[in-house]
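Trainee: Before we discuss these two chains, I would like each label set against its definition.
Mentor: Then let us look at the model together and take the terms one by one.

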Amino acid sequence: MTASLSVEPADLEPGIDLPRFRDRFRAWLRKHSDVLAAWRDVHPASLEEALRHDAKLLVLLWESGWGKWGWPEAVGGAGGAAALRSVLIDELWAHDIELPHQYDSIEILGQMVTDLRPDLAQRFFPALATGRELWAQGFSEPEAGSDLASLRTRATPDGDGFRLNGQKIWNSLAAAGNRAFVLARTGTPESRHRGLTMFFVDLDTPGLVVRPIALASGFNHLAEIFLDDVPVPADRLIGEVDGGWAVLMKLMQYERGTYAWQRQAKLLCRLRGLVSRLDTDDPAAPAEVGRAYLRVLATRAKTANTVRRLDAGNTLGPDTSVDKVLLGAAEHAVADLARDLDPYGFLLDDSAAAAHRYDDWWFSRATTIFGGAGEVQRGIVADRVLRLPTEKG
Amino acid sequence: MDNADRQLLIESLRSTFASADADPAAALDELGWAEAQEADPAEATTLLFTEHGRHAVTSSLLDRVVLAEIGADHADAAVVYPPFGADHVTDEGVALVDPATVASVWVQRESGLAQLSSGELSARPVHGFDTARTWWRVRVPAGTPAATPVPQPPPDAWERAVAAGRRALAAELHGITEVLLQNAIRHTSERVQYGRPIAAYQTVRHRLVEGHAVLEAARSVLDSAWTDGSPWAAAVAKAVAGTAYRDVARHAMQLCGAVGLTREHHQHGFVERGALLEELLGSARHLERELGYRLLTGLRAPAVVEL
C-alpha cells in the first residue's frame, strides 16, 4: 500500500456534484501524471499479470479516496452519487489510463452485493475494490446460452444450506477469480426462469474446479466452472430462493447501462490513440474515422442518459438493451477501424502492444455475445419496447 | 418546462401544422411561441422542429433560427443556403421562401457572410424530389449588390448560424424518422403473410429495432449538442440524425412493401422531405468525412457528452 503515499488524497466536500468532481479529479490526474504513467500504454503478457498490475492502481485510487466516492459508507466508501464512479471511469480513459480490468466486476457484481446483501458487501467489498479479490459471473452453461432460463445446474437443500452440481461456462474473469455469482435451479426442471436462485460462491470451495479458457488472443478472459456437490451456506444467497431471475434482471441493468458507459469511454480512448498514431493518405480514411467516432458518441449520449436515470434511482427496463445494441456497433466499428486503416501495421506485428490490439479486436466480437447476444437484445427491444407481435405467435 | 406545458405546446403545434393553408410561422407568432423559445430554447426548438418533421410541412421557420444567430430581423429577410454538398454559395443556392417576398437575403460566400439586396436575384420554384413542397433555387451572381445599410455580424455569426440550423434540422429529421418507423411498425404488425404478422419474423423485427436504436441515440445526441453548445456538437447531432433517417427510411421502404412506394401511401412524402433535409447544411456522409478529417489532422476527438 505504499503507492498511496505518492499522491495527494482526495479532499472533497460531501454532496459534491458531478461537474465539480470531474474538475477536481482532472486536476488530480494532471498533477500526478508521472505516477499514473505506470498505467498508460502498458502491455502485460497475460490477463493475470494485467490484473496484478491493475490492482496497484485500484489501491492507489482507494487509498487516496477517489475510488471510494460513489460507494456507500457502509461498504467502506465515501458516499455521494453513484454516478461519480462513472465520471471517474470516464476520466481515467480520457487521460489514457487503462481502467483496471477488475472494474467489470466491481461495477456490476460489487454494486449488486451492495444493493442486495449489504452485510456481505461490508465484509468482502473492500477486498474487491482494492484488487485483493475478483468476482466472476457464473450464468451460462454448455446448453444454456441465450436461452439462459433452460439452465440445469442444480442447487439441492442440504441442512441450512445448499449443494451445487453442474457446469458453468463462458465465465468472465473466473480464471483468476475468488468468488462467483452462480445461478442454479432450485425449482423443477420445467420451472424455467421461475425456479432459479442466485448464489455467491467461493471458488476455492472443495468440489469446485475452474478451467481457464483463452480468447483467440491468448488472454484468459473466460473460464468454465465445474461444480461437484459444492456446499454453499444459507447466508450466501443473493435474493430469494427461486428469485434468481429477478436478481439477474437487476444485474443486467448495470451490465447494459453502467458497463456500456464504461466501454464507450474505452472506445473513445482507443479511437483517439489510433488516430494520433495513424499516418495515412488513404482517401477513405476520414469518412471511416468519422463514422466510427459518431458510433461511439451515439453510444456515449445514450448510455449517459442511462447512467443519469440509474443515479436518479430509476429502475431501468428493457430499454437498456438499446444501449447494448448501440455499443455493439461502436465496439465493432472501432476495432475494425484499427485493423482497416493500418492493415500492415496491425496484422503483422509480434510486439506486446500488438498482442493487446489483437485482444481488443477479439474482445470487441465478444461484446455482442456475452450478457445476452445481440440477437437476444434485439428480441427484447422488439417484444418489450416496440411491442411487436412475438416470434412465437 | 413541466409535462403539462409540454403537452399543451405539442397539441398547439400539431393543430398549427395540421391546418394546411395557414402559414406556420405566422400562426406561431399568435401562439406566443417567442416566449416559450426564450424560456427554454433547447426544448422549445426541439419540440417545434420535431413536430414540423412529423407533419412533413415546409415553412420559413429554419430561416428564423439562422437569422437569430446572425442577429438579423427575420421579418423582411431570408437565407440562401449553400447548395447541397457545399459550405458556401458560389453562384447558386437554396432558399425556403421566394427571395422576391423579402427585402434582403443573407448568404455565406467564399469571402464570408453577406447581406444582399434581393431585388437583383433570380429565383425559381422547384419541387424536385420533394414532390409536394416548394424549394427555391436562387442564382446569386458575383457582383450582386449588397443591401444597405450593411450591418456587421460578428465574425463567427455564420458558424453559429449553421450550428443552430443543424440542431433544428436534426430535430426535424427525428420527427420524419419517427413517422417512418411508426408506419413500418404498424404496417408489419398488421400485414399477415404465411399465417402470421410479418413483424413476427426475426429479420423484420431486427430491422425495426435497429431503426429504433439509432433514432434513440440521435435524440440523446441532440440533447447533448444543446448542452454542449458548440458547432462541433451540432455537426455531430446533424450527422447522427441524418444516419438515423437514412437507416430507417431504407428499412421502412423495404418493410412496407410495394404500397409504401406509391403516391397513394403517405410514406413517400416523409422519405422525400427527409432526403432534402438530410442534405441541407450537411449530410451525414459529408459531415462524417469532415469530422473524421479534423480528427486525422490533429484534433483530439471531443467527448461532446459529459455526465
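Mentor: Helices (H or I, at least four residues) and strands (E, at least two) are DSSP runs, numbered from the N terminus. On that reading there are 13 helices and eight strands in chain A. This is a predicted model, in which local features need pLDDT of at least 70 and side-chain atom pairs count only at pLDDT 80 or more, whereas totals for chains, interfaces and linings use all residues. Residues are numbered from 1 along each chain as its sequence is written, chains are lettered from A in the order in which they are written, and side-chain values use heavy atoms, with hydrogens and water left out.

Trainee: What makes chain A as compact as a globular protein of that length?
Mentor: The radius of gyration is taken over C-alpha atoms, and the globule rule is 2.2 Å times the number of residues to the power 0.38. For the 393 residues of chain A the rule gives 21 Å, and the radius of gyration is 21 Å, close to that value, so chain A is as compact as a globular protein of that length.

Trainee: Why is Ser105(A) called buried?
Mentor: Buried means under 20% relative accessible area, with exposed over 50% and partly exposed in between (1.4 Å probe, protein chains only). Ser105(A) has 2% relative accessibility, and therefore counts as buried. This residue has its place in helix 5 (residues 103-116) of chain A, and buried residues make up 57% of the 393 residues in that chain.

Trainee: Which residues does Ser105(A) touch, not counting residues up to four places away in sequence?
Mentor: With contact meaning heavy atoms within 4.5 Å, Ser105(A) touches Gly110(A), Leu128(A), Leu134(A), Trp135(A) and Leu173(A).

Trainee: How many residues of chain B are in contact with chain A, and what area do the two chains bury between them?
Mentor: In chain B, 39 residues are in contact with 48 residues of chain A. Buried area is the accessible area (1.4 Å probe) that two parts lose on being put together, summed over both; for chain B and chain A this comes to about 3,700 Å², 66% of it on carbon and sulfur atoms. Arg205(B), Leu296(B) and Leu307(B) supply 23% of the area that chain B buries against chain A, more than any other three residues.
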